[in-house]
Amino acid sequence: MIYDSEERESEVDLVYYAPSVTPSSIYTLRTLAGGLICFAMPLELGKKLGLTFITEIIKEKFPELVKKPRYGDWPAFSIWVNHVSVRTGISDEDRALTVRKLVEVAEAGDKERFTKEFMSPGHLPILLARKLKDRRGHTELSVRLMESLGLKPFAVFAEMLDFGKSMELNKAREIAKSLGIPLLRGDDIIRLVGDEE
C-alpha cells in the first residue's frame with residue numbers, strides 16, 4: 001500500500017507489480033481496495049506507443065473541461081483500453097489479461113503491436129508516470145518504486161475506499177498490518193529513490 005501525502009490526495013492505494021497480476025489480484029483490488037483499477041507505466045514508454053495524456057486529447061474538443069484537480073497536479077490519465085481477445089473487458093480474467101499484454105507491448109515499445117492488439121475505449125485506464133520532481137502521485141510513486149527494486153516499471157493499483165469516502169490512513173494501516181502488506185508513505189519512497197531524475 002502507498003499513502004501519497006496530506007498535501008495531495010491523502011489517499012492510500014493498494015499496489016501490485018503489474019507483470020505478476022492475476023485474476024485474483026484484480027479481484028482483491030476491486031473488493032479490498034474498491035477504487036478505480038489502473039495500469040501505470042513511465043511516460044517515456046507511453047510515448048513510444050504513441051500515448052499522450054487524456055487532457056491533451058480532451059483539450060481539442062472541450063477545452064473548458066480541462067482543469068487541475070483540487071490537489072494541484074495535472075492528472076496522469078491517458079486512454080482506457082481492452083485487449084482485443086477479451087470478452088467484455090471488465091471481468092477479473094479480462095482485466096488481468098489486458099494488464100499482462102500491456103506489459104508485453106510497453107516493455108517492447110511496439111506501437112504497431114499496441115494499435116493492433118488493443119482497442120479503446122476499454123475497461124483499464126493507462127496512467128503515465130512523470131518524473132517525481134514534476135509530480136508525486138501514486139502513479140509516479142509506484143512506478144519509481146518498482147524501478148528502484150530492479151523490477152520492470154509497471155504497476156496496477158486502486159484507491160482504498162471506505163463507505164462514502166476514501167479510507168482513512170489509520171484504517172488502511174490496520175488492514176495492512178492484519179494482512180501483512182507493507183504500507184509506505186510517499187516521503188519514504190522519495191527518500192529511497194531520490195527526488196530528482
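Student: What makes the seven strands an open sheet, and in which order do they lie?

Tutor: In this predicted model, the order is β4-β5-β3-β6-β2-β1-β9, and the pairing is mixed. Two strands stand at the edges: β4 and β9 (184-185). Each of these pairs on one side only.

Student: How do you know that β3 and β5 pair, and in which sense?

Tutor: Strands count as paired if there are at least two bridges between them. Strand β3 (residues 38-42) and strand β5 (residues 118-129) have four bridges, so they meet that definition. Their sense is parallel.

Student: What joins β4 to β5?

Tutor: Five bridges join strand β4 (residues 77-83) to β5. The cut-off is at least two, so this is a pair. These strands run antiparallel. H83 has F118 as its bridge partner in β5.

Student: How many bridges are there between β2 and β6?

Tutor: Strand β2 (residues 12-17) and strand β6 (residues 155-159) share five bridges, in the antiparallel sense. Y17 is bridged to A155 in β6.

Student: Why is H83 called buried?

Tutor: H83 is in strand β4. Its relative accessibility is 6%. Buried means under 20%, so H83 is buried.

Student: What makes the link between H83 and S85 a polar contact?

Tutor: Their side chains come to 2.8 Å. The distance limit for a polar contact is within 3.5 Å, so this pair falls inside it.

Student: Which residues are in contact with H83, leaving aside neighbours within four places in sequence?

Tutor: They are L97, T98, K101, E117 and F118. F118 is also the bridge partner of H83.

Student: Where is V105, and why does it count as buried?

Tutor: V105 belongs to helix α4 (residues 92-108). Its relative accessibility is 0%. The limit is under 20%, so V105 is buried.

Student: What is V105 in contact with, leaving aside neighbours within four places in sequence?

Tutor: L49, D110, R113, F114 and F118.

Student: How far apart are V105 and L45 in sequence and in space?

Tutor: In sequence, 60 residues separate V105 and L45. In space, they are 9.7 Å apart, C-alpha to C-alpha.

Student: How do you know that the buried residues of α1 line one face of the helix?

Tutor: The buried residues in helix α1 (residues 23-33) are S25, I26, L29 and A33. Seen down the axis of α1, they fall within an arc of 100°, so they line one face.

Student: What covers the buried residues of α1?

Tutor: The cover includes β2, α4, β6 and β7 (161-162). After α1 comes G34, with a positive phi near 100°.

Student: Why are the buried residues of α7 said to line one face?

Tutor: In helix α7 (residues 169-179), the buried residues are L169, A172, I175 and A176. Seen down the axis of α7, their arc is within 120°, so they line one face of the helix.

Student: Which exposed residues lie on the face of α7 turned away from its buried side?

Tutor: That face carries N170, E174, K177 and S178.

Student: What covers the buried residues of α7?

Tutor: Their cover includes β1 (2-3), β2, α1 and β9. β2 is also part of the cover for α1.

Student: Which residue follows α7, and what is its phi?

Tutor: G180 follows α7. Its phi is positive, near 70°.

Conventions. Residues are numbered from 1 along each chain as its sequence is written. This is a predicted model: local features need pLDDT of at least 70, side-chain atom pairs count only at pLDDT 80 or more; totals for chains, interfaces and linings use all residues. Side-chain values use heavy atoms; hydrogens and water are left out. Buried means under 20% relative accessible area, exposed over 50%, partly exposed in between (1.4 Å probe, protein chains only). Contact means heavy atoms within 4.5 Å. The arc is that of the directions from the helix axis to the C-beta atoms. A polar contact is a pair of N or O atoms within 3.5 Å; within protein, one must be able to donate a hydrogen and the other to accept it, and residues adjacent in sequence count only if both atoms are side-chain atoms.
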